[in-house]
Amino acid sequence: MKNKKEEELDWRRLDNSAKIFPISTGKKYSTVFRLSVVLKEKINPKVLEEAVNETLEVYQSFKVRMKAGFFWYYFEHNPKKPIVEEERDYPCQYINPKTNNNYLFKVTYFENKINIDIFHSLTDGNSGTIFFKEIIYHYLELMYPEVFQEERKARKIEYNTEDSYMKNYDKKAKSNASGKKAYTLKGEKIRLGAVSAIHQIIPLEELKKESKKYEATITQYLTAVLMYAIYEENYRKYKGKKPIKICIPVNLKKYFPSKTMSNFFSYITVEAEMKRDRLDTFEKMIEFVKEDFQKRLTEEEIIKTMSANVKIGNNSFVRAIPLILKNPLVRLGYMEIRKYTTITFSNIGRIGMIGKYQDYIDYFLMLIAPESVEKIKCSSCTFENKMVFTFTSILKDNSIERRFYQFLKDRGIKIQIESNGVLDDISTKVE
């Protein structure tokens, strides 16, 4: 006879955000994000595999596979062990359950780097970071048991898998989302399946100093720099008319009390009518971005956006449609929704590691899968004094990445460039 806790581990519903991803995903649109850590020494594969298995015993919510029900997909317990192998593919690729022991995440390594690619139905970037950090903790503890004996005992873990959307949404809230489609980045694509990843490693203190000149947060400042790079290198070249719309994911745990490891995020969309508002200089753009953030990043507006998305997934008509019919309808609808964003920029902020663990780490990376509509996606994270801003792209032209780099370099910010080599090195092609 199973107790209640064991029964809960057998299966669970997908959270409100997670429902959409398995229906809309595929090889061309993976809805996968990657977290990486660069250590100061080469990875021991056997120890890493042991660390992943130990972590799954703690975070059972990741030890699942996805199954198709009559109306929705759901998670059930996965009795198999995850596969840990050397990195051979491009980042953020579609995770094929058949070749991955049915897991919805994939751990790989290369030299001194550990990666975890996560299917978005499983969790969001912030909770994914918690899980990934636990793998790193276990790995270092197994490598150096005498060093981390006391730290291991001191670490406490507390989480749940509740659907925090259903717990916190407001049935009466009405969305103020714009009905205008976004400007889409133009240009020739690289070969099918390939993804360019360009990482710009930025000294945090230098970036803070520059942001303060404009009385802007780092996210606001980088959003404005990104808008400026798009405007100068793509929008003007192709005589854009539609607004540049930048989607900024928002961690809802900052607004509501939640310890869920399921998805719990929303977003704001900065919508810039470049010609109407005469946004033709960086100074005008950063003032616009600051005002737009202030207007949209309020608890009232966040609740409106979150609640509008919950209503779609909770709609009685949508719920009543069998999954076999729901799949093509939702896929078509989601393809249309994606036309309302030019680019996504996700900043998950500071990744903190406790005590002595920090000494073994150089920096972290975050990457988001680009796709046919949003051909470039951007992400950033910070560890100690290093912020890494990453462009993932399927465009052959890297002029947006180059302009972004040049802009910061011209302001005296010393940037280090790393990439996966799909496109030319941008640091050798600046003015």
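**Close-up views of the predicted model**

**View 1. Arg12 stands opposite Phe75 in strand 4.** Strand 4 (residues 73-77) is joined to strand 1 by 3 bridges, and the two run antiparallel. Strands (E, at least two residues) and helices (H or I, at least four) are DSSP runs, numbered from the N terminus. An open sheet of 3 strands has the order 1-4-3, with antiparallel pairing; two strands pair if DSSP finds at least two bridges between them. Strand 1 (11-13) and strand 3 (64-68) stand at the edges with a single partner strand each, so one side of each has no neighbour in the sheet. From one strand to the next, the twist averages 35 degrees. The model is predicted: local features need pLDDT of at least 70, side-chain atom pairs count only at pLDDT 80 or more, and totals for chains, interfaces and linings use all residues. Residues are numbered from 1 along each chain as its sequence is written, and side-chain values use heavy atoms, with hydrogens and water left out.

View 2. Strand 11 (residues 343-350) and strand 13 (residues 376-383) run parallel and are joined by 5 bridges. Phe345 has Cys378 as its bridge partner in strand 13.

View 3. Axes are lines fitted to C-alpha atoms, for helices over the stretch in contact, and angles run from 0 to 180 degrees between N-to-C directions.

**View 4. Helix 8 (residues 218-235) packs with helix 9 (residues 282-296) at an angle of about 130 degrees.** Their axes are 9 Å apart. The two helices are therefore oblique to each other (angles under 35 degrees count as roughly parallel, over 145 as roughly antiparallel, 65 to 115 as roughly perpendicular and the rest as oblique). Contact (heavy atoms within 4.5 Å) involves residues including Tyr221, Val225 and Tyr228 of helix 8 and Met285, Val289 and Phe293 of helix 9. The residues of this contact of helix 8 with helix 9 comprise 12 nonpolar, 3 polar and 1 charged; Ala, Val, Leu, Ile, Met, Phe, Trp, Tyr, Cys and Pro count as nonpolar, Asp, Glu, Lys and Arg as charged, and the others, Gly among them, as polar.

**View 5. Helix 8 also packs with helix 13 (residues 399-410), with axes 8 Å apart.** The angle is about 130 degrees, which makes helix 8 oblique to helix 13. Among the residues in contact are Leu222, Leu226 and Ile230 of helix 8 and Ile400, Phe404 and Phe407 of helix 13. By class, the contact of helix 8 with helix 13 has 11 nonpolar, 2 polar and 3 charged residues.

**View 6. Asp362 and Lys386 meet in a salt bridge through their side chains.** The N to O distance is 2.5 Å. Asp362 belongs to strand 12 (residues 361-368) and Lys386 to strand 14, so the pair ties together parts that are 24 residues apart in sequence. A salt bridge is a side-chain nitrogen of Lys or Arg within 4 Å of a carboxyl oxygen of Asp or Glu; by this rule the count comes to 30.
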